[in-house]
Amino acid sequence: MSWFKRHKEGITTSTKEKKETPEGLWSKCTKCKTLFTADDLAKNSYVCDRCSHHERIGSEEYFNILFDGGKFTELDAKLTSGDPLKFTDTKDYVSRVKATQKSTGLVDAIRTAKGKVDGLDLVVAAMDFSFIGGSLGSVMGEKIARAIDEAIKIKAPFMIISKSGGARMMEAGFSLMQMAKVSGKLGQLAEHKLPYISFLTDPTTGGVTASFAMLGDLNIAEPEALIAFAGPRVVKETIGRDLPEGFQRSEFVLEHGFLDYIVDRTELKETLAKSLKFFKN
Amino acid sequence: MSVYLDFEEPLKALEEQIEQTKEIGASTEVDMTDKINELESLLSEKTKEIFTGLTPWQRVQLSRHPDRPYSLAYINAITDGNFQEYHGDRSVKDDKAMIGGFGSIDGQTVMFIGQQKGINTKMRQYRNFGMPNPEGYRKALRLMKLAEKFDKPIVTFIDTPGAFPGLEAEERGQGEAIARNIYEMMRLKVPVICIIIGEGASGGALGIGVGDKVVMLENTWYSVISPESCSSILWRSWDFKEIAADALKLTSTDMKKNGLVDEVIKEPINGAHRSQEEMFEIVKNSIKEYLTELSPQKADKRINDRIEKFSNMGVWK
Ligand SMILES: [Zn+2]
């Protein structure tokens, strides 16, 4: 639930902003500070050529990286949040959602789409961390549920690209129950013997980790992604000492047995296609 | 000694007055019956007044009341002691914050599972304050699978301030353990009844909380986060816990109203903590009712209904 922390804006994630970027604009790697043109960075899947740092990107970028020719059909694009609890903290939920929609150009924290990856059908649900920290609310739960129905209908494998701080507090109990809802739907997908690939990217924490992100037939991750149930700050407070180097990063999680492999984003598409072919052939 | 929360103080005063009056009656041999009756009816009125006007935050406080019964107390009472505890996840260790085993309700074998809090300082630490590690969730799942194999229904008691956020818990896959339980519980062939008896904090609660009947005792809470943590995150201060408790709609009444739990089990008028025996009886009868309703169903339908129920949760436009 770390969305409220101000993360440095590395790469702009919304389509609208990207289009407005004049060609030749420089973009700085958030880790090693090397300068790249925005175009070069996009061509390298937003991975730093020098230090391999994976910039945080959004659904649009992932769809473009994954789907053949950048072509895909978006599902349930307009599904938007209700306000079941009339939730107000320092700001009322409805205003928060509207303001976020305006600033990001997104409708909620996940987009779902179908298309082809190396000629193979795939339904993908990709989160946008820029939208209230990629938080899991009713819209995310319902969009994933419907995307699974679509995968079953067209007999395609299903993939979730997680990038989330966890639950959406403003939907409280409704948010919590999405964990159960999506898990139930994944069971239906499994009954149809359709593979589910969980792709964990930086960061994947809280209720997303404690449900569908850990339930893949294959769990795969980007390098150095934070993957946690309780975030590092909470764990540090609990144990009262500093955390070991690399704690809760992809490589650590792989070593402890919870990931099948880690894949560099520049090799994501071919690696994923390879896995999908094993299931298919 | 009983513990009284601040809003219960008027009851403590009256109870003490009744005690004193009884003592005076006994030592002076003056008939104090009228006085005692008067005080007792006053106590009953006051109890009703306090317990029918509880705020969400007061209910949160009651859910954590130190005199409130914990899972093993329910199990022992409901089975009349005919219960056997089973240990271990068969992989790492035995988690003392999660207990389970077969027990009998009037001749019917049931698998009981629950988070367990400690009854004193030493036991609270031993039970890790009811915060399970991954082993706890894996033990719970092992026992649920055991029940399924032998066609026995499952009853879970939920009472946790959360899954333990420790270093080893993360290393051993707290997220995966909870996720696996949610997934597998959704597909259990046998009836599953989940009862929130105290605190239902987030994924740590849901990890044993997927069932055909998910019910809350009246003075409990169930939500995605505790009011304190919610206050600290959204208001950046611990001072808004009461407002957060309101905003989260975490009481049994609100959770039922929003269709997120199936039923609310009424507590005795002065709360489960003051009338434990009565509470045990009510819970036992409720479980028997649910079992009568759920047992005849076909497994396929039961699983479909369970998935359908959770699939319908959510509000969107
Ligand atoms: Zn770099």
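**Overall dimensions of chain A**

I began with size: for 281 residues a compact globule would have a radius of gyration near 19 Å, and chain A, at 18 Å, agrees with that; the radius is taken over C-alpha atoms, and the globule rule is 2.2 Å times the number of residues to the power 0.38. I noted that this is a predicted model, in which local features need pLDDT of at least 70, side-chain atom pairs count only at pLDDT 80 or more, and totals for chains, interfaces and linings use all residues. For my own bookkeeping, residues are numbered from 1 along each chain as its sequence is written, while chains are lettered from A and ligands numbered from 1 in the order in which they are written.

Along the principal axes, the C-alpha atoms of chain A fill a box of roughly 50 × 45 × 40 Å. I found 53% of the 281 residues of chain A counted as buried (20 or more other C-beta atoms within 10 Å of the residue's own, with C-beta atoms placed from the backbone).

**Confidence**

I looked up pLDDT, the predictor's confidence in each residue from 0 to 100, and chain A averages 92, with 91% of the residues scoring at least 70. Over residues 1-20 of chain A, however, pLDDT stays under 50. Where pLDDT is low, the predicted coordinates should not be read in detail.

**The sheet**

I counted nine helices and nine strands in chain A, these being DSSP runs numbered from the N terminus (helices H or I, at least four residues; strands E, at least two). An open sheet of seven strands runs in the order β3-β4-β5-β6-β7-β8-β9 (chain A), with mixed pairing, where two strands pair if DSSP finds at least two bridges between them. β3 (72-75) and β9 (261-262) of chain A stand at the edges with a single partner strand each, so one side of each is left without a neighbour in the sheet.

I followed β3(A) to β4 (residues 110-117) of chain A, with which it pairs in the antiparallel sense over four bridges; A:Leu75 has A:Thr112 as its bridge partner in β4(A).

**The contact between chains**

I then turned to the contact, which takes 43 residues from chain B and 51 residues from chain A (two residues are in contact if their C-beta atoms, placed from the backbone, lie within 7 Å). On the side of chain B that touches chain A, the largest share, eight residues, comes from α8(B).

Terms used. A residue is buried if 20 or more other C-beta atoms lie within 10 Å of its own, exposed if 12 or fewer, and partly exposed in between; C-beta atoms are placed from the backbone.
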